[in-house]
Amino acid sequence: MASAYSKDLLLTMYRKMYLMRRFEERTQQQYGLGKIAGFCHLYIGQEAVAVGVNEAVRPDDYMLSGYRDHAQPLARGSHAGMIMAELFGRTGGYSKGKGGSMHIFDIEHHFYGGYGIVGGQIPLAAGMAFASRYRNEDRITVCYFGDAAANQGAFHETLNMAVKWKLPVLYICENNRYGMGTAIARVSAVPEIHKRGAGYNMRHEAVDGMDALKVYEAVKDAAAYIRAGNGPVLMEANTYRFRGHSVVDPATYRSKQEVEDERKNDPIPRLMHYALKEGLAKESDFEAIENEIKEQVDEAVKFADESPEPSLDELWRDTIVEEGEEDVRPRARVLGEKVDNWPSYPSGKDLKVTWDLEPREQAEKADKAAGLKS
Amino acid sequence: MAELMYREALNQALAEEMERDANVFLIGEEVGRYQGAFKVSQGLLDKFGSARIIDAPISELGFTGLGVGAAMVGLRPVVEMMTWNFAILAMDQIVNNAAKLRHMSGGQLRCPIVFRGPGGAGGRLSSQHSQALESTYAHFPGLKVIAPATPADAKGLLKAAIRDDNPVVMFEGERLYAIKGEVPEGEHVIPLGKADVKREGKDVTLITWSRMYYFCEEAAKQLESEGISVEILDLRTLRPLDEEAILASVRKTNRAVIVEEGWPLAGVGAQVVDIIQSKAFDDLDAPVVRVTGLDVNMSYAANLENAIQPDAPKIIAAVKKVLYREGA
C-alpha cells in the first residue's frame, strides 16, 4: 500500500499543509498587530482536509467554501500574497480588499468564494453542479461547509434536489465539532452529519479528517463516482480546529485536555512521519520545504504591507455590472501576469442542452403508478 | 400589434429569450407539467423540455440558491416565485449572495439571474398572501428591481432583465395577469431604469408603478372631467430610479402625488419624495402627497381589504389636496 504514493505527491501535500499552517500563524500575528481586522477564522488543525480533497480532484473542478476559507485556495495554488493583501484590505487582494477574510474568491483557480452566512453556499454549489450537467461538462463541484451548517434548512433543501437531479457535487462537511462555541452534539439530533445523507438516499461516508492520505483516497473514489454520473456524495471529514472559532475566541468552552489530545493528531507531522517511515522522503526534504515556505510567507506579508489601500472611487465599482464591462482578473490586475485559464462558456445558440432531467416516459410511468391518466 | 394578456406577454418574452439563448432556463414550483401556477409558463415544457423548464420542490431557499450558483458560472436562470410572499424564505440567497457576489469577488463574478413572480394584494387572501414587497428589494445595492404595469412593458422589461448581467427582481401584478393590451411582436426590449409617461398632463403628476397605475388612470379620467389635467409617470423600474423623468415631470406640473400599494414607512415613494424635495424644491407649488397602503396587515374581510388599499377616490382626494381644492 505504501508504494501507492509517489514522493512527489507526499511532498506536495506536505508543502501545501505547511504553507497553510505558517500562513495562518502569521495571519494571527498580523491580526494582533492591527493589520487585519474583522472576523478572522483560522483553519489551523484542519489542513489535511483541504489538501486531501484538492489533490484528489481536478484543478478545473469548481470549489467553494464557508467563511473559514484562507487555506483551501492555498491548496488550489492561489497567490499567498494576494490572499494576505485581501486580509489586510488592500488593493492587491483578490477582491481589491472588498471581501476580506470571509470572502476569498480566485476564479482563475476555480475557487468560487467563501461565504459568511452559515450554509448559504450549499445551494450555490448545487447550482454550479447543475450548470455542469446542463452543459454536459464532466467537472464536479466541491463544496466545503462546517458541521453547524448541516442544521440549516439550506442543507436539507439542497440535498433533496441534488439527489433527485443527480447533480455532480461533492459535499465535504468539515466536522470540527463546534459550531462557534456550541459542541455540535449538544444541538444536533444526529451529530454524525454524514448519516443525514441516508434520509435523502444519498451516498454518504465519514473519513478521518486528520489524515491527508485517507481524505485523498476517499475523495478520489467519491469524485470518480460523481463524475461517472451517479449523483452527489456527502462526505464528513472528522477534524479539529486547534484554535478558537475566530482569532479573538479564547475557546474556553472546551478543556485543555481535549485540545492537547487532539494536537497529538496534528496532520502535518503525521504525514511527515508516514513518509519517513515508508522511506519515501528524507528529513532534509522537509527541512528544505519548511525553509522555502517560511520565506514565501514572509514575502506574502511584505506583499500585503506594500500594497496600497483601494482608492475611494473603488466604492462605485463592482456593485452593478455596466454594459460591456469586463470581469476583473485579479492576477492580471495585480501582478500583470497573463491569465489563460479564466473560465469561458458557450453562449447563445452554440450551447446544446441534451440533459433530460425528467424523461417523459419516466414521468408517465410515475403517473400511471399513481393512478393518474397519462 | 397583437392584443395579449399580461401573462401571455411574459410567456412570449420567456419563449423568445429561451429560443435566442440556450443558457436561459426556467425553474420554480409548478412551472412545468402544471403549466405555471398563474399560467405564465404555459406550453414552455413542450417547447423546451425538462432540461430547461424545471419543476422545483417547494424549497424556495434551495432552488433560488441553485439558480444563483448556476448564474455564477454563466447560465442565465429565470427563477419563478409562485408569489413574492414565499420568496421571503429565499431572501438570503437573493440579498446575501446574488446582490453581493460582484462586490465580494472584487469584480471577478457576475450574476445574470432574474427572480420573478406575482406581488401585491390578491383577492381576499389575508395577510400572508397580500403584500407589495418592492421596497424591500429596492433597498439593496446590487439588485435591479422592476414592476411593469402593462402587458407591453411586461414583455419588454422581462426581455431586458434576462439579458442584463445583474440580478433583477421582477414584480408582476397578481391581479394584472389577465389584463389585456397591445404587445409588439419579436424584438421589443425596454431598457431597465427608464420611466414612462403613460398620460400627458399639466396640473399634477401622479407617480406610480404596477397595478396602482390603473387606479391612477381611473382617477385621471374623473379629474379630467372636472377640468384637472393629470400626468401619469409609470416608474417601471424601482432600482435604479429614473430621477430625470421624475424631475422633468414635476418641473412641468409643479405638483406631485405618489401612489404606492405597499406600506408607507421606508417605501419607494419616500425616496421619490426625497428626490423631488432635494432637487426640485423650487419647482413645487405644494407639498408632495403620498397615497399608500394603510400601515396595517391585510385583512380577509372584504370591506377591510378594500379600505387598506389605495383606490381612485383616495387618489382624487390627494390630487385635490395638492391643488388646494375643496374637500382635501
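Author: Helices (DSSP runs of H or I, at least four residues) and strands (E, at least two) are numbered from the N terminus. By that scheme, A:Leu312 falls in the loop between α11 (283-306) and α12 (330-335) of chain A. This is a predicted model, where local features need pLDDT of at least 70 and side-chain atom pairs pLDDT 80 or more, while totals for chains, interfaces and linings use all residues. Residues count from 1 along each chain as written, chains are lettered from A and ligands numbered from 1 in written order, and side-chain values use heavy atoms, without hydrogens or water.

Reader: Is A:Leu312 buried or exposed?

Author: Buried means under 20% relative accessible area, exposed over 50%, and partly exposed in between (1.4 Å probe, protein chains only). A:Leu312 has 70%, so that residue is exposed.

Reader: OK, and how many residues of chain A are in contact with chain B?

Author: With contact meaning heavy atoms within 4.5 Å, 56 residues of chain A touch 52 residues of chain B. About 4,300 Å² is buried between the two chains, and carbon and sulfur atoms give 60% of that area; buried area is the accessible area (1.4 Å probe) lost when two parts are put together, summed over both.

Reader: How many salt bridges are found across the interface of chain A and chain B?

Author: Look for a side-chain nitrogen of Lys or Arg within 4 Å of a carboxyl oxygen of Asp or Glu. The rule finds three across this interface, and one pairs A:Asp327 with B:Arg102 at 2.9 Å, N to O. On the chain A side, α5 (121-134), α6 (153-164) and α13 (360-369) each give two or more residues to the side touching chain B. α5(A) gives the most, with eight residues.

Reader: Which residue forms a salt bridge with B:Lys159?

Author: That's B:Glu17, with the closest N and O atoms 2.9 Å apart. B:Lys159 sits in helix α7 (residues 151-163) of chain B and B:Glu17 in helix α1 (residues 6-20), 142 residues apart. Check the cover on each: B:Lys159 is buried at 1%, and B:Glu17 is buried at 0%.

Reader: And which residues are linked with B:Glu17 in a network of salt bridges?

Author: The network joins B:Glu16, B:Glu17, B:Arg20, B:Lys155, B:Lys159, B:Arg163 and B:Glu187. Within that set, B:Glu17 also pairs with B:Arg163, at 2.8 Å between the closest N and O atoms. This pair again links helix α1 and helix α7 of chain B, 146 residues apart. B:Arg163 is partly exposed, at 26%.
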